[in-house]
Amino acid sequence: MVVNAAEGEPASSKDRTLLQSLPHLVLDGAQLAAAAVGAHEILLGLCESAPGAHAGTARALAERGRPRRGEPSIELAAVPNRYVAGQESALVNHLGGGPALPTFTPPRPFERGVRGRPTLVCNVETLAHLALIARHGSAWFRELGTADQPGSALITLSGPVAYPGVYEIEHGSPLTALLDAAEGTTTPLRAVLLGGYAGTWIDAGMLRGVALSDAHLAPHGATLGAGVVVLLSNEACPIAELARITRWLAAQSARQCGPCVFGLDAIATTVEQLVLGGSQAHVQRRLASLAGLVNRRGACSHPDGAARLVASALDVFAEELADHARHGPCAACARPSELPRPRASAERSAPIG
Ligand code: SF4
């Protein structure tokens with residue numbers, strides 16, 4: 001069995017936070033899941049740039065001591081800090097001794113996984129919930145959330161709020177309640193990015209109607225995804241921010257599938273043309289067409305996420321796109337990025353530069 005703590009999403013910190021602060025909860029859940037499927041071995045794949053989570057998990061493993069007879073062993077493994085390394089098939093490939101790159105499916109890991117054996121892959125947060133449900137019961141878990149999506153979720157909130165960080169919310173909570181928990185915004189907002197870099201933009205004007213559950217977000221074309229809420233202030237240029245993200249997403253392609261390698265690069269180049277301005281109608285048409293062409297064309301869902309992000313940006317930032325078309329780059333284009341960027345060796349995210 002594999003615990004997926006690769007957390008390659010730059011705007012997410014929930015897995016590393018959970019493993020740093022409550023590692024035994026995750027390990028308890030992993031042992032329960034392993035017992036349920038009869039696994040003899042648990043591999044915990046943790047992002048290499050999460051030293052706090054590594055230390056917390058290693059300490060917890062030492063406290064637990066050697067597994068008792070019949071209990072599965074638990075081994076900690078470092079996963080490269082790469083966006084697609086957290087894709088299920090990439091993680092399984094890496095833990096089996098291969099590169100941390102997605103593989104074509106089928107077979108899915110439960111059919112043929114690490115070292116060719118059937119493998120259950122679970123997320124850190126799911127396992128923490130499992131351990132709590134085992135202790136307190138399913139009725140207790142269902143006291144929170146909605147009928148469709150009971151319980152709570154961990155959300156990494158970043159951007160101009162007084163206290164960015166990881167928050168536990170009840171499924172179905174208003175987005176404004178999350179912002180209140182973070183003691184409010186520090187500057188007026190332009191938009192919210194939901195789900196992460198493979199997520200969906202929502203206009204800040206609609207923020208009051210947004211609730212945090214997949215059913216509530218579906219009409220907006222969004223999901224909670226990696227449990228990420230990124231706020232963008234109205235001082236930023238959303239087109240320049242989009243250009244930085246799409247270029248970064250293109251660089252994260254594992255360069256195995258043509259539509260992903262060439263399509264994401266073409267999308268990034270086209271978004272950069274939008275920043276520069278000039279005649280835009282055909283550029284926007286080309287972008288919409290490219291997004292359609294890469295969607296569902298890779299071995300993994302990386303291109304689909306990039307396509308979703310771009311499609312929602314064209315919709316939400318129509319006004320800024322028109323301004324760029326008429327006047328070219330705006331004054332805000334040169335501002336440093338507000339969005340989180342990938343961690344290198346540091347624990348905390350920093351804006352994309
Ligand atoms: S879709 Fe892109 S990221 Fe995914 S496996 Fe293919 S080349 Fe790699």
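Thr 57 is buried, with a relative accessible area of 0%. The model that shows this is predicted. The protein has 353 residues, and buried residues make up 52% of them. A ligand is also present, and it sits in the largest cavity.

**Thr 57 and its surroundings**
- Helix α3, residues 51-64, contains Thr 57.
- Leaving aside residues up to four places away in sequence, Thr 57 touches Leu 19, Pro 23, Leu 44, Leu 46 and Leu 76.
- The relative accessible area of 0% falls under the 20% limit, so Thr 57 counts as buried.

**Ligand site**
- The ligand is surrounded by 13 residues.
- The closest of these are Ala 254, Gln 256, Cys 257, Cys 260 and Cys 300.
- By type, the shell around the ligand divides into eight nonpolar residues, four polar and one charged.
- The largest cavity is where the ligand sits.

**Overall fold**
- Secondary structure amounts to 13 helices and 13 strands.
- The radius of gyration is 21 Å, close to the 20 Å that the globule rule gives for 353 residues, so the protein is as compact as a globular protein of that length.
- The C-alpha trace spans about 70 × 45 × 35 Å along its principal axes.
- Among contacts with a separation of 6 or more, 67% join residues 24 or more positions apart.

Key
Residues numbered from 1 in each chain as written. Predicted model: local features only at pLDDT ≥ 70, side-chain atom pairs only at ≥ 80, totals over all residues. Heavy atoms only, no water. Near = heavy atom within 4 Å. 1 Å grid on protein atoms, 1.4 Å probe; cavity = no way out; pocket = protein on both sides within 12 Å on 5 of 7 lines; lining within 4 Å. Sits in = over half its atoms within 2 Å of the grid points. Nonpolar A, V, L, I, M, F, W, Y, C, P; charged D, E, K, R; others polar. Helix = DSSP H or I, 4+ residues; strand = E, 2+ residues; numbered from the N terminus. Rg over C-alpha atoms; globule rule 2.2 N^0.38 Å. Buried < 20%, exposed > 50% of the residue type's maximum accessible area, 1.4 Å probe, protein only. Contact = heavy atoms within 4.5 Å.
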